[in-house]
Amino acid sequence: SQAWWALSQDERRELFEAKSRHVGIGARYLPASARRLYHGRDLGAEFDFLTWFEFAPEHEPAFDALLAELRATEEWTFVSREVEVRLSRSASSG
């Protein structure tokens with residue numbers, strides 16, 4: 001949200017690292033859930049961040065727990081819009 005970007009870099013870092021412990025939360029779910037993060041704000045994109053996660057179907061409950069933990073942080077109160085899309089690979093019929 002605009003409120004997030006209105007914070008100083010030090011304030012955002014404090015929320016991200018010390019209060020929300022974002023990286024620490026994510027680290028507990030490795031290597032079962034891998035991610036890639038793309039920054040869109042500086043590119044003029046409609047999103048600030050786009051995150052791509054990959055996990056095996058048997059790790060979906062852990063991934064859901066990861067999301068629940070992140071969404072419960074103070075940092076997440078600054079999220080103004082979220083779009084979640086889940087795709088799965090199907091077995092080939094070859």
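This report describes the fold, surface and some local features of a predicted model of a protein chain.

## Overall architecture

The protein chain contains four helices and two strands, arranged along the sequence as α-α-α-β-β-α. Its C-alpha trace spans about 55 × 30 × 15 Å along the principal axes.

Among contacts with a separation of 6 or more, 45% join residues 24 or more positions apart.

## Burial, surface and charge

Of the 94 residues in the protein chain, 17% are buried. The chain exposes about 7,400 Å², and carbon and sulfur atoms supply 53% of that area.

Arg-21 lies in the loop between helix H2 (9-19) and H3. Its phi is near 55°, a positive value in a residue other than glycine. Arg-21 is partly exposed, with a relative accessible area of 48%.

Pro-31 sits in the loop between helix H3 (22-27) and strand E1 (33-39). The peptide bond that leads from Leu-30 to Pro-31 is cis, with omega near -5°.

## Glu-75

Glu-75 belongs to the segment after helix H4 (60-71). Glu-75 is buried yet forms no salt bridge. The nearest side chain of opposite charge is that of Arg-12, 9.7 Å away, whereas a salt bridge has to fall within 4 Å.

The side chain of Glu-75 does make a polar contact with the side chain of His-22, at 3.1 Å. Leaving aside residues up to four places away in sequence, Glu-75 touches Trp-4, Phe-16, Ser-20 and His-22.

Conventions. Residues are numbered from 1 along each chain as its sequence is written. This is a predicted model: local features need pLDDT of at least 70, side-chain atom pairs count only at pLDDT 80 or more; totals for chains, interfaces and linings use all residues. Side-chain values use heavy atoms; hydrogens and water are left out. Buried means under 20% relative accessible area, exposed over 50%, partly exposed in between (1.4 Å probe, protein chains only). Lys and Arg count as positive and Asp and Glu as negative; His and the chain ends are not counted. A polar contact is a pair of N or O atoms within 3.5 Å; within protein, one must be able to donate a hydrogen and the other to accept it, and residues adjacent in sequence count only if both atoms are side-chain atoms. Contact means heavy atoms within 4.5 Å. Accessible areas come from the Shrake-Rupley method with a 1.4 Å probe; for residues, only the protein chains shown count as cover.
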